[in-house]
Amino acid sequence: QVQLQESGPGLVKPSQTLSLTCTVSGGSITTNYNYWTWIRQPPGKGLEWIGYIAYSGSTHYTPSLKSRTYISRDTSKNQFTLQLSSVTPEDTAVYYCTRDSLALGMDYWGKGSLVTVSS
């Protein structure tokens, strides 16, 4: 059973960088054809796909956030990390890490981590 757990600060100040780590257990982030994804949901709004780091290490980001987003990984710890720079209050959201497998879609999700951007 694959499990994902987000961790990181719950409060970030405007203009700073938001950083969240997803720790994966029960499966390797280098296993073929899995895409380790970040998604967020602002209060009262729908889900927004942020980007992924693939099993190969390649990355892809949504165009609207691409200039501020960086996703990396630490294979020795089986973790992947989201960094979102120059945050504003509009970046306040619950952030989820997920596994997106080609065959089954987003089949595993973390519980989510609320990040509030406020001074």
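Two strands pair if DSSP finds at least two bridges between them. In this predicted model, N34 stands opposite S101 in β9, and the strands β4 and β9 pair in the antiparallel sense over 8 bridges.

The strands β9 and β10 form a hairpin, with 3 residues between them.

| Strand pair | Sense | Bridges |
|---|---|---|
| β4 and β9 | antiparallel | 8 bridges |
| β3 and β8 | antiparallel | 6 bridges |

**The four-stranded sheet**

The strands β3 and β8 belong to an open sheet of 4 strands, in the order β1-β3-β8-β7 with antiparallel pairing. At its edges stand β1 (3–7) and β7 (69–74); each has a single partner strand, so one side of each is left without a neighbour in the sheet. Neighbouring strands of this sheet are turned by 20 degrees against each other on average, direction ignored. Where β3 and β8 run antiparallel, joined by 6 bridges, L18 stands opposite L84 in β8.

**Aromatic pairs**

The structure holds 7 aromatic pairs. One of them is Y33 with Y55: the ring centres are 5.4 Å apart and the planes stand at 70 degrees, so the pair is edge-to-face. This pair links distant parts of the chain, 22 residues apart, with Y33 in the loop between β3 (18–25) and β4 (34–41) and Y55 in the loop between β5 (48–54) and β6 (59–61). Y33 has 47% relative accessibility and so counts as partly exposed.

The rings of W36 and F80 have their centres 5.9 Å apart and their planes at 55 degrees, so this pair is tilted. W36 lies in strand β4 and F80 in strand β8 (residues 79–84), so the pair links distant parts of the chain, 44 residues apart. W36 counts as buried at 1% relative accessibility, and F80 counts as buried at 0%.

Ring pairs also link Y33 and Y55 with Y35, W49 and Y52 into a cluster.

Technical notes:
Residues numbered from 1 in each chain as written. Predicted model: local features only at pLDDT ≥ 70, side-chain atom pairs only at ≥ 80, totals over all residues. Heavy atoms only, no water. Phe/Tyr/Trp six-rings, centres within 6.5 Å; stacked < 30°, edge-to-face > 60°. Helix = DSSP H or I, 4+ residues; strand = E, 2+ residues; numbered from the N terminus. Buried < 20%, exposed > 50% of the residue type's maximum accessible area, 1.4 Å probe, protein only. Axes fitted to C-alpha atoms, helices over the stretch in contact; angles between N-to-C directions.
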